[in-house]
Amino acid sequence: YARDMEARHEQAGQSSVASGPAKKASFEELATLYTATLEAGYDGRDPLEAQTLRTYRSYIAWHAQPQFAPYGDCRAITAGDMEELRETLTKKVVGGEKLSPRTIREVLRLSKAVLAFGVKHGYLEAVPGALVTLPPTRREKAANKAKKDEGVFTPAQVEALLQAADSLAADKNRQIARTWQLYRPLAYFLVWTGARISEARGFPR
């Protein structure tokens, strides 16, 4: 089907990549051509595994194509449409749950890949919405939060921390004093060496 579609476009006398994007195809038609190349393998790459290909096709069919269905010509797709797709995906609910950031990223990535395929084969001049950002994954969110929480202590804050450790190690409450007599050396070690807590834990007691 994909090869027949490509042949029909060529036989219609529409231009090649070199002469500009005069070919006409819908997003669905481009997606069919694109996934067919993944199935066959291209640019020296191995054919995509069947399960992965099914996942790609389902993502495109269920989440991307409905957004672009009104356009019979992919050249009508704008950056605003890509941004709208991202917003639609972030609000979409499937099986009672919102789509995961990973799924949203994959749908957006595949949508851009389909349009990039269109650019390469003369259906588009450029990928609309190429700069549309992808939502962060849970891992990226956690990493960003950890980075924000790290911060850098001022000399005054470091001094206050060490004084607090000294005070707690000499506390009248025996349990508190015993606990901080163990933690106090760790506080000094971290300050004077600049080691991470994970590195400090690796040292023998």
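1. Overall make-up. The protein chain contains nine helices and two strands. This is a predicted model. Read from the N terminus, the order of the elements is α-α-α-α-β-β-α-α-α-α-α.

2. Burial and contacts across the chain. Of the 205 residues in the protein chain, 31% are buried. Taking contacts between residues at least 6 apart in sequence, 60% link residues at least 24 apart.

3. How α3 and α5 are placed. Two packed helices are described by the angle between their axes and the distance between the axes. Helix α3 covers residues 50–68 and helix α5 covers residues 101–120; their axes come within 9 Å and cross at roughly 75°. That angle lies in the range from 65 to 115 degrees, and α3 and α5 are therefore roughly perpendicular to each other.

4. What meets at this crossing. From α3, the residues involved are Tyr56, Tyr59, Ile60, His63, Ala64 and Phe68. On the α5 side they are Thr103, Glu106, Val107, Arg109, Leu110, Ser111 and Val114. By type, the residues of this contact are eight nonpolar, three polar and two charged.

5. Ser111. Ser111 sits in helix α5. Apart from neighbours within four places in sequence, Ser111 touches Phe27, Ala64, Phe68, Met82 and Leu85. Ala64 and Phe68 are among the α3 residues that meet α5.

6. Helix α7. This helix spans residues 155–169, 15 residues in total. The distance from its first C-alpha to its last is 21 Å, close to the 21 Å expected at 1.5 Å a residue.

7. The buried side of α7. Which residues of α7 are buried? They are Leu162, Ala165 and Ala169. Around the axis these residues cover an arc of only 55°, so they lie on the same side of α7. Part of what covers the buried residues of α7 is α8, residues 174–193.

8. Ser167. This residue also belongs to helix α7. Ser167 has a relative accessible area of 49% and is therefore partly exposed. Between Ser167 and Trp180 there are 8.9 Å in space, C-alpha to C-alpha, and the two are 13 residues apart in sequence.

Technical notes:
Residues numbered from 1 in each chain as written. Predicted model: local features only at pLDDT ≥ 70, side-chain atom pairs only at ≥ 80, totals over all residues. Heavy atoms only, no water. Axes fitted to C-alpha atoms, helices over the stretch in contact; angles between N-to-C directions. Helix = DSSP H or I, 4+ residues; strand = E, 2+ residues; numbered from the N terminus. Parallel < 35°, antiparallel > 145°, perpendicular 65-115°, else oblique. Contact = heavy atoms within 4.5 Å. Nonpolar A, V, L, I, M, F, W, Y, C, P; charged D, E, K, R; others polar. Expected span 1.5 Å × (residues − 1). Buried < 20%, exposed > 50% of the residue type's maximum accessible area, 1.4 Å probe, protein only. Arc of directions from axis to C-beta.
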